[in-house]
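Hi,

Here is the structure I promised to pass on to you. Have a look at it first, and then read my notes below.

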Amino acid sequence: MLLVMHDQAGAGAPDNFQRLWTPHRMAYIKGENKPTGNGPGDGCPFDVIPTMSDEDGLVVARGVAVYTVLNLYPYNSGHLMVVPYRHVSEYDELDAGEVAELGEFTQKSLRALRKASGAQGFNVGMNLGHVAGAGIAAHLHQHVVPRWGGDTNFMPVVAQTKVLPQLLRDTRQLLANAWN
């Protein structure tokens, strides 16, 4: 492959890197599909997803009080979220049944990810409140992010880009099949 040096018109020395464009990330950056307020009727995607088919909503499994869904903007392939149906922002606002099922679905998420993808480790947790990093602070959700040895490579470090090897719909189907 022949690399061509391009004049960067005063923006520094040309770096010879090819560019990997991820225009689909612009929806996340611009805050598309984010709630317009804190109430359950304010456009919260976590309130809309349960009304969709599993395939269209990327739902892996549904329970009585919670459901598990693929993250539309994942950190890694198979990045799941366990979400209560009830629109609630704080963990200590959940009732005992919601807490129990959230824990049960977190365990099932771990098992399904191990079975479907051979995940070797996990990051599990919640960001409660905007200042804690919650993208949608008005509706509590627990992240379950699979990890593999060597999954941190130059792409996220240098290019601030994740390379996901599988389409979300395909990942959802694998995890739904592995769900017990």
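Let me begin with a pair of helices: helix 4 and helix 6 are roughly perpendicular to each other, a label that covers angles of 65 to 115 degrees (under 35 is roughly parallel, over 145 roughly antiparallel, and the rest oblique). Helices here are DSSP runs of H or I with at least four residues, strands are E runs of at least two, and both are numbered from the N terminus.

Before going on, please note that this is a predicted model, in which local features need pLDDT of at least 70, side-chain atom pairs count only at pLDDT 80 or more, and totals for chains, interfaces and linings use all residues. Residues are numbered from 1 along each chain as its sequence is written, and side-chain values use heavy atoms, with hydrogens and water left out.

Back to the helices. Helix 4 covers residues 96-117 and helix 6 covers residues 168-178; their axes come within 8 Å and cross at roughly 115 degrees. The axes are lines fitted to C-alpha atoms over the stretch in contact, with angles from 0 to 180 degrees between N-to-C directions. On the helix 4 side, A112, L113, K115 and A116 meet L174, L175 and A178 of helix 6, where contact means heavy atoms within 4.5 Å. By class, this contact has six nonpolar residues, one charged residue and no polar ones (Ala, Val, Leu, Ile, Met, Phe, Trp, Tyr, Cys and Pro are nonpolar, Asp, Glu, Lys and Arg charged, and the others, Gly among them, polar).

Elsewhere in helix 4 you will find T106. T106 counts as buried at 8% relative accessibility (buried is under 20% relative accessible area, exposed over 50%, partly exposed in between, with a 1.4 Å probe and protein chains only). Leaving out residues up to four places away in sequence, T106 touches V82, V124, Q142 and V144.

Next, the annotated site. An unreviewed UniProt entry places the feature "binding site" at N71 and H143. They span 73 residues in sequence, yet no two of their C-alpha atoms are more than 8.5 Å apart, so they gather at one spot. Such annotations may be inferred rather than shown by experiment. N71 lies in the loop between strand 2 (66-70) and strand 3 (80-84) and is buried, with a relative accessible area of 8%. Its contacts, not counting residues up to four places away in sequence, are H79, M81, H143 and L168.

Best wishes
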